[in-house]
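Please open the model in your viewer and keep the selection panel at hand.

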Amino acid sequence: MWTIIEQIFPYAIIFTIPLLITALGGLFSERSGIVNIGLEGLMISGAFASALTVNFLQDKMQGSTILWIGLLVAAVVGILFSLLHAFASINLSADQVISGTAINMIAMALTVFLARNITGSGNIRITSGFTPFDVPILSKIPIIGDLLFTKTYATTWFILLVLIISAFILNKTKFGLRLKSCGEFPQAAQAAGINVVGIRYIGVMLSGALSGLGGGIIILTYAGEFTGSVSGLGFLALASLIFGQWRPLGILGATLFFGFASTIANVSQVIPELAVIPPIILKIFPYVVTLIALVIFSKSSQAPKAAGEPFDPGKR
């Protein structure tokens, strides 16, 4: 059993990181009061942008610089896509679920259309991504070193830093408290002089940037090719947000749980102990686990009170 865990754990972290950063994006949006089920579409747009950028630059530049540029472009494109959702949800008071669904559909169709026109196949391949490495000294620690500090990516440590910064911003800064107040009692927040519309725009834009980053990380770490899909990881990130009770550390635990489930489904055939299980069972395993987790924790979920409710700044 320990051998299986030791084999799976490094891969589980790799699958967890895109889920974690995307769920954090959803956290900022929903804490501001805007439900964002368009995380899948935002991830797809980021994956497309990073793949296209790195594919274009890889013959002109060398080193990891182009990979970080690809992630930056992915975040920017994610912001641009999220503005569509923000405008529809905030300015037009549209149904936020329908708006998020539209983002998913638009992102998938538009990116595949552009990829086909650019490459002729609909896929965009990159020749090199981030290289996994063992953390010096820490990887030599018995047990923990093999689990946490081997086969890691630079993006893993970057995203964990973003997690810490996000937790600090949400819980220890004026902006974080204002963001949460807009998702709980927007009328009271406006009465206190807070620009609810502006804060909600920022929340949705942060969700776009972080979700786009999540899509880019998938391409530049373990995927290596844009195919028009992120295999439903945006919806798993949304489930992780609910499962984690809209809290940064809760989201970390939830995404690690779903990261393990996804890892079992994706690397089972190279682990002898798991290869005996029918592949179809392992493929559906992450989604079955997601449904079970949501059923168990749905009654105790504590979503922001005003999440999904349109806000009219003209009303008092």
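## A guided tour

Begin by selecting E184 and K305, which form a salt bridge whose closest N and O atoms are 3.8 Å apart; a salt bridge here is a side-chain nitrogen of Lys or Arg within 4 Å of a carboxyl oxygen of Asp or Glu. The two residues belong to distant parts of the chain, 121 residues apart, with E184 in helix α7 and K305 in the segment after α13 (279-297). Helices (H or I, at least four residues) and strands (E, at least two) are DSSP runs, numbered from the N terminus.

Before going on, note that this is a predicted model, in which local features need pLDDT of at least 70 and side-chain atom pairs count only at pLDDT 80 or more, while totals for chains, interfaces and linings use all residues. Residues are numbered from 1 along each chain as its sequence is written, and side-chain values use heavy atoms, with hydrogens and water left out.

K305 is exposed, with a relative accessible area of 56%; buried means under 20% relative accessible area, exposed over 50% and partly exposed in between, with a 1.4 Å probe and protein chains only. Through shared partners, R31, E184 and K305 form one network of salt bridges.

Next, select helix α7 (residues 174-184) together with helix α9 (residues 196-223), whose axes come within 10 Å and cross at roughly 100 degrees; axes are lines fitted to C-alpha atoms, for helices over the stretch in contact, and angles run from 0 to 180 degrees between N-to-C directions. On the α7 side, the contact (heavy atoms within 4.5 Å) is made by F175, R178, L179 and C182, and on the α9 side by V196, I199, R200, I202, G203 and L206.

E30 lies in helix α1 and, at 6% relative accessibility, counts as buried.

Finally, select E40 in helix α2 (residues 39-57), which is buried at 5% relative accessibility. A polar atom of the E40 side chain lies 3.1 Å from the backbone nitrogen of G232.

Notes: A polar contact is a pair of N or O atoms within 3.5 Å; within protein, one must be able to donate a hydrogen and the other to accept it, and residues adjacent in sequence count only if both atoms are side-chain atoms.
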